[in-house]
Amino acid sequence: MTDLQNRRDAAHCSGCGIKLQTEAQDKPGYVPAQALEREPVICQRCFRIKNYNESSSVTVQQDEFLRLLGQIGSKDALVIHIVDLFDFHGSVISGLQRFIGNNPVLLAVNKTDLLPKVTNWNKIRNWVQKEAKEMGLKVVDVVLCSAKQNSGFDRLLEMLSLYRGDRDVYVVGATNVGKSTLINRLIRDYSDLDQELTVSRYPGTTLDMVHIPLDDGKSIIDTPGIVYPSRYSELVSPQDLSVIMPDKPLKPAVYQLNEGQTLFLGGFGRFDFIQGERQSFTFFASSRIPLHRTKLERADELYAEHAGELLSPPNRSSLEKLPEWTRHDFRIPKGRHSDLFISGLGWIKVNNDSGAVLAVHVPKGVKVLERPSLI
């Protein structure tokens, strides 16, 4: 067997952890044979993401993710579950407890930099704890952090030292929650490895378990990001992904609406105020999504005529690749403070407590729900 074959058979991509192969270009782990000479070796997919910010259609199937997750249950480990505060209900791994057994969970809530500066962080923390409990997660602690601003991270490292003991640490999360960015900080603080994981805004960047050795002989294990088709961010084209995923603090848009009015979120979705007294609604979404107000009675016609043009992004060709819209109806009772949450797109806060009948239209399969107001 040649040195090259030996190297290929033993090697894993230092960017995403997948076993390298030189045969099938459309399969995970592909690397051109001559690239095996480089140090460190990364697969073609990671190379393209790092150097050209190109996405790739190579992903690992859902049952493969769950099989990897299921391995954690038989280990004695600390689990760090990273979620996206902007897409909280879309990024929490449903049924996580079932897979990881009695192992403790530290909940790291990333992207706090997207909320307004005046936010009451104690209230946000309490909200997260309550919602996590409602979703069946038993968490030992909640850490609010921002990978982008490198804030809250010292606190996460403190919590990691407090709860880890002499165990391995598994890091789990959905795609696009900032997992690889946080892992890279752990590598810098806990390990003498000079490699970093591939960081990108594309779903499913980490394809296999990546083991990062610690000084005490244990490891930090980065698991693949789980792809949830119920998140808008998994459905759109790469160019529209950069539109809907905010990269700077949200600028809430407040609208006073009368019943019988509709607001379009570009061509991504539609909000109907069907019945109730005149009141205000606050839209928390990327500032790149234009809002367009019209009468409810004209909304269907306006969308049929102008989707992908006046009502854009996305453009017409991108819209054709998305599922048909489906309607979600809500009756908000008097006295309740609610958000209507659209996974991957943002949320609409109902500001008054006088009650309202509302509807949200988005592509079929996108998670939409009513929840207690985050802010």
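**Entry 1: R371 and its partners**

I started at R371, which forms a salt bridge with D339; the closest N and O atoms are 3.2 Å apart. I looked up where the two residues sit. R371 is in strand β16 and D339 is in strand β13, so this pair ties together parts that are 32 residues apart in sequence. I note here that the model I am reading is a predicted one.

Next I asked: is R371 buried or exposed? Its relative accessibility is 2%, so I wrote R371 down as buried, the cut-off being under 20%. D339 has a relative accessible area of 0% and is buried too.

I then checked for a network. Salt bridges with shared partners join D87, R231 and E234 into one network.

I went back to R371 to see what else it touches. R371 lies over the face of W347, and the distance to the ring centre is 5.0 Å. I now have two notes on R371: a salt bridge with D339, and a place over the ring of W347.

How many salt bridges does a search of the whole structure find? I got 15. Side chains of opposite charge can pair when their charged atoms come close. I picked out two more pairs to follow.

One is R336 with E370. Their side chains meet in a salt bridge, with 2.9 Å from N to O. The pair links distant parts of the chain, 34 residues apart. I found R336 in the loop between β12 (325–332) and β13 (338–342), and E370 in strand β16 (residues 368–372). I checked the accessibility of both. R336 has a relative accessible area of 38%, so it is partly exposed. E370 comes out at 27% relative accessibility, so it also counts as partly exposed.

The other is K111 with D84. Their closest N and O atoms are 3.2 Å apart, and the two form a salt bridge. D84 lies in strand β1 (residues 77–84) and K111 in the loop between β2 (105–110) and α6 (121–134), so the pair ties together parts that are 27 residues apart in sequence. Both K111 and D84 are buried.

**Entry 2: Backbone angles**

I stayed with K111 and looked at its backbone. K111 is not a glycine, yet its phi is positive, at about 70 degrees.

Which other residue did I note with a positive phi? N150 has one of about 55 degrees, and N150 is not a glycine either. I located N150 in the loop between β3 (139–144) and α7 (153–164). N150 has a relative accessible area of 46%, so I listed it as partly exposed.

**Entry 3: Prolines**

I looked up the cis peptide bonds next. One joins S312 and P313, with omega at about -10 degrees. P313 has its place in the loop between α11 (296–306) and α12 (316–320). The peptide bond from P313 to P314 is cis as well, with omega near 0 degrees. P314 is also found in the loop between α11 and α12.

Then I moved to P333. I found P333 in the loop between β12 and β13. Its relative accessibility is 33%, so P333 counts as partly exposed. I also checked P333 against V357. The two are 24 residues apart along the chain, and 8.7 Å separates their C-alpha atoms.

**Entry 4: Aromatic rings**

Last, I turned to the rings. A pair of aromatic rings is described by the distance of the centres and the angle of the planes. My search of the whole structure gave 11 aromatic pairs.

I took F271 and F283 as my example. Their ring centres are 5.6 Å apart and their planes stand at 85 degrees, so this pair is edge-to-face, the cut-off being over 60. I checked burial: F271 and F283 are both buried.

How values were computed. Residues numbered from 1 in each chain as written. Predicted model: local features only at pLDDT ≥ 70, side-chain atom pairs only at ≥ 80, totals over all residues. Heavy atoms only, no water. Phe/Tyr/Trp six-rings, centres within 6.5 Å; stacked < 30°, edge-to-face > 60°. Buried < 20%, exposed > 50% of the residue type's maximum accessible area, 1.4 Å probe, protein only. Lys NZ or Arg CZ within 6 Å of the ring centre and 35° of its normal. Salt bridge = Lys/Arg side-chain N within 4 Å of Asp/Glu carboxyl O. Helix = DSSP H or I, 4+ residues; strand = E, 2+ residues; numbered from the N terminus.
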